[in-house]
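I opened my notebook to look up a few things in this chain. Here is what I went through, entry by entry.

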Amino acid sequence: MMTFSTSKAATAALLTSALALSACSKSAPEELPPAPITTPGPAAAPTPAPTSSAPGVGSQAHFEGAVGQSAVVYFDTDRYNIDSSDAASLQAQAQYFAQFPQLTFTIEGHTDERGTREYNLALGERRANAAKNYLTSLGVAANRIRTVSYGKERPVALASNSGAWAQNRRAASIIIN
């Protein structure tokens with residue numbers, strides 16, 4: 001009986017492996033497969049060019065164009081109640097938001113410059129919440145509405161007179177997405 005040493009066994013194993021691998025080498029096929037047959041698909045319709053520069057749905061400009069002046073609700077001095085003109089504005093907003101249920105928005109509460117910062121922040125919050133509560137009573141889902149109070153920090157009119165103060169006492173709806 002003949003015994004191989006471990007080095008001779010390893011060499012024999014390597015030679016056997018190399019021989020087996022060389023037998024598996026790929027060679028080019030004798031004949032190539034036919035080219036794929038292309039079947040004409042439906043012709044893609046060209047996308048029409050935009051006909052106007054109208055703002056896109058979901059933008060603040062689209063919202064304001066749809067509801068006009070109703071995007072903002074105005075309040076009397078030291079008040080946060082919804083009166084009949086406010087109700088009409090909020091009804092126009094509710095109709096818009098019913099058409100576009102994917103939109104979320106923020107209602108910003110604002111005040112005029114009179115009063116302390118703390119008082120105006122609280123009053124702005126009450127104004128934003130009053131508008132939100134009215135919209136939810138009209139069927140707008142509350143989880144679509146965020147409220148924030150800016151108090152007197154973001155005036156739209158900078159004068160210190162009754163006309164400017166009236167413009168700054170507001171709740172403005174701002175589209176988020």
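**Entry 1: Asn120**

I started with the contacts of Asn120, where contact means heavy atoms within 4.5 Å. Setting aside its neighbours within four places in sequence, Asn120 touches Thr111, Asp112, Glu113, Arg114, Gly115, Ser149, Gly151 and Lys152. I noted that the model is predicted: local features need pLDDT of at least 70, side-chain atom pairs count only at pLDDT 80 or more, and totals for chains, interfaces and linings use all residues. Residues are numbered from 1 along each chain as its sequence is written, and side-chain values use heavy atoms, with hydrogens and water left out.

Where does Asn120 sit? I found Asn120 in helix α4, residues 117–137. Helices (H or I, at least four residues) and strands (E, at least two) are DSSP runs, numbered from the N terminus.

Is Asn120 buried or exposed? Asn120 counts as buried because its relative accessibility is 1%. The cut-offs are under 20% relative accessible area for buried, over 50% for exposed, and partly exposed in between (1.4 Å probe, protein chains only).

I also checked one pair. Asn120 and Gly151 are 31 residues apart along the chain, and their C-alpha atoms are separated by 4.5 Å.

**Entry 2: the whole chain**

I listed the elements next. The chain has five helices and four strands. Along the sequence they follow the pattern α-α-β-α-β-α-β-α-β. Of the 177 residues, 29% count as buried. I then looked at contacts between residues at least 6 apart in sequence: 74% of them join residues at least 24 apart.

Two packed helices are described by the angle between their axes and the distance between the axes. Axes are lines fitted to C-alpha atoms, for helices over the stretch in contact, and angles run from 0 to 180 degrees between N-to-C directions.

I took α2 (residues 60–67) and α3 (residues 84–99). They pack at an angle of about 125°, with their axes 10 Å apart. The angle therefore makes α2 oblique to α3. Under 35 degrees counts as roughly parallel, over 145 as roughly antiparallel, 65 to 115 as roughly perpendicular, and the rest as oblique.

Which residues meet? From α2 I wrote down His62, Phe63, Ala66 and Val67; from α3, Ala92, Gln93, Tyr96 and Phe97. By class, this contact of α2 with α3 has six nonpolar, two polar and no charged residues. Ala, Val, Leu, Ile, Met, Phe, Trp, Tyr, Cys and Pro count as nonpolar, Asp, Glu, Lys and Arg as charged, and the others, Gly among them, as polar.

**Entry 3: α3 against α4**

Ala87, Leu90, Gln91, Gln93 and Ala94 in α3 meet Ala131, Tyr134 and Leu135 in α4. I sorted the residues of this contact of α3 with α4 into six nonpolar, two polar and no charged.

**Entry 4: the loop between β1 and α3**

Asp78 lies in the loop between β1 (72–74) and α3. Most residues other than glycine have a negative phi. Phi of Asp78 is near 55°, a positive value in a residue other than glycine. Asp78 counts as partly exposed because its relative accessibility is 47%.

Arg79 is also placed in the loop between β1 and α3. What does Arg79 contact, leaving aside its neighbours within four places in sequence? I found Leu123 and Arg127 in contact with Arg79.
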